[in-house]
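Subject: Structure handover

Hello,

Please find the structure below. My notes on it come after.

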Amino acid sequence: MPFSIAKYYNAHEHKMDPKCRVAIPVAWRPEEGEELVLMQLTKRGVPMIRVLNNKAVEDGIQSIHNSGCTAGEIREALEEFYMNIHIVKVSSQGKILIPKDWCIRANIAPESSVYLAGKGDYFEIYNDGMFTAMATEQTNRVSKNMAHTNFFSTWSFMQVQRFISWLESLHLRMGEWRTSYQFFMAGRREMQGTVSLPPIFSWMFPMQLESVAIPHLVAAYESSTTSANTTFMAGRDGEQGTASLPPYHLPVLPNEVCQWMDPSPNDIIIDGTLGGGGHTELFLRKGSTVLAIDRDPDAIHHTSKRFIDFQETFHPWQANYAEMPHHPLLSDGKKVDGILLDLGVSSHQLDSPERGFSFQKDGPLDMRMGPDAISSAADFVNQATEQELIDCFRSLGEEPQAQRIARAIIQERTSNPFTRTLELANSIEHLIGRHGKTHPATRCFQAIRMHINQEIPKLHQALRAALRCLKPGGKLLIITFHSLEDKAVKKFLHFHAQAEIDHPTWPAAKPNAEHYLTLPLRKSIAASRTEILSNPRSRSAKLRVAHRNHKPLLSIPWVHEAQPQALIAPLIS
């Protein structure tokens, strides 16, 4: 490739090693162990791999939030982003490992020459031949457009070439290229319309040259670099659709879930907390069959439309995840290859005021996740005794002001029963005041929600049910969001992963009759800094992983005189 063109693009030629690793140029090289984000894009018809550091991702995410789009569009953009990235770490030699399937899609072969073009915050990896052809064609096209402007009539050829070099470097420094891509929105495959995609991903590709001080040059350059951005929207041919399905829930830890579940064709996986189907989609796209469970009718309705193209492998069922052994497709005692439980409340439920989960938006004081809830939040708040409220706030919300709040609720509801979320939230805030960023009603709302939906008892039942459903070698993945859930999950997994158990009153340790699990990881997995920046609700998420061993289940589980009650009591309470 001519040196002058490589210089325009700030490009460096490197060679992939046999394991598809590439060394980062010293000028751009981050610290050892730093996380980088890989994205697959297409620029002017040329496939490539974009590598971004944390600063570039932060700037991009901030651009999305400042784009003027609705909250739903922003969440949808972020979900699409997380579905198409891969996180890598920089080795001690300054190399990053590119997944082999990504290399294949970018036409990059092991031990082949590649070009790294860009700057420190981000750079792009291209096939040698494709990059040379693209860069040459682009430079020629820009030169041709510039030749039509009067501005360059007095310039020499070398002056024009120097200006092109500066313009290209400016383009790269801004970190924003135009590209072609496809964005698939709601609608059956046979009812796809086509419209231009709004620039909600403006930080990834649209080029902006407002800072260039030559207005007429901007128009010429824009006309030379614009390429079509195509999206397929809902609507019959000839009847352009404009609306996608509303965003539902942004899945947490998607990369980590994929890594540890490792879904493959012919696998059968239970997603016990379907929600918006973010994790389910990851499994379906890998060819797995998903038995999806959710107690919320809205989730079943939403995902049934979302996964219309996966009718043979997507099987939704409205129920509580504790009932997973009774799924219609498991009635004959069939076992599954994996189970995922993503505990807590979904973003859709929190963001829908009519569901009554949020203390920041006014709505009916409801909080029921499904029709199987024991009562509404209003019924519990207005009918529970003072001691029941205190116990609820202390045990499920860990609220230090539980007694004061309970007394205030009892006193206020005698004249004005609570029916709206903001009525209860404002009452608690007025009583104890606001200290720091956390809303003073946070713990109480959590406690009420967990009580009326019986979240902890149902979690214990679901953990025991998971043992019955997993085949030997099956994987159990559980995502928790607060200490009560995580403590229960941790105790359950660690107890069933012990080969022997002991008790102070015993002369020696005894074999654990319920040693059903092995733990590939003793600790939990937290969300990466990059994910937390784009999805703040992931900051408290913890993923725990266990594998089912080959030991058969006891015929009457949980009833053994030899079991140390101190160990199993927290699991069956």
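Predicted model: local features only at pLDDT ≥ 70, side-chain atom pairs only at ≥ 80, totals over all residues.

Residues are numbered from 1 along each chain as its sequence is written, and side-chain values use heavy atoms, with hydrogens and water left out.

Helix α17

Eleven of the 15 residues are buried, so α17 is largely enclosed by the rest of the structure (buried is under 20% relative accessible area, exposed over 50%, partly exposed in between, with a 1.4 Å probe and protein chains only). Among the buried residues are Glu-455, Lys-458, His-460 and Cys-469.

Strand β21

Strand β21, residues 542-548, is mostly covered, with five of its seven residues buried. β21 runs antiparallel to β16 (residues 470-480), and six bridges join them (strands pair if DSSP finds at least two bridges between them). Ile-478 has Arg-544 in β21 as its bridge partner. Two bridges join β21 to β19 (residues 517-518), also antiparallel, and here Thr-518 stands opposite His-547. Strand β20 (residues 525-526) pairs with β21 over two bridges, in the antiparallel sense; Leu-543 is the bridge partner of Ile-525.

Second largest pocket

The volume of this pocket is about 1400 Å³ (the space filled by probe spheres set on the grid points, which are joined across faces, edges and corners). A pocket is an open set of points on a 1 Å grid over the protein atoms alone, where a 1.4 Å probe fits, with protein on both sides within 12 Å along at least five of seven lines; lining residues have an atom within 4 Å of a point. Of its 40 lining residues, Leu-350, Phe-359, Thr-442, Arg-537 and Arg-539 lie nearest the centre. Helix α16 (442-452) gives the largest share of the lining, five residues.

Phe-131

Phe-131 is found in helix α5, residues 128-147, and is buried with a relative accessible area of 0%. Its C-alpha atom is separated by 9.4 Å from that of Pro-47, 84 residues apart along the chain.

Regards

How values were computed:
Helix = DSSP H or I, 4+ residues; strand = E, 2+ residues; numbered from the N terminus.
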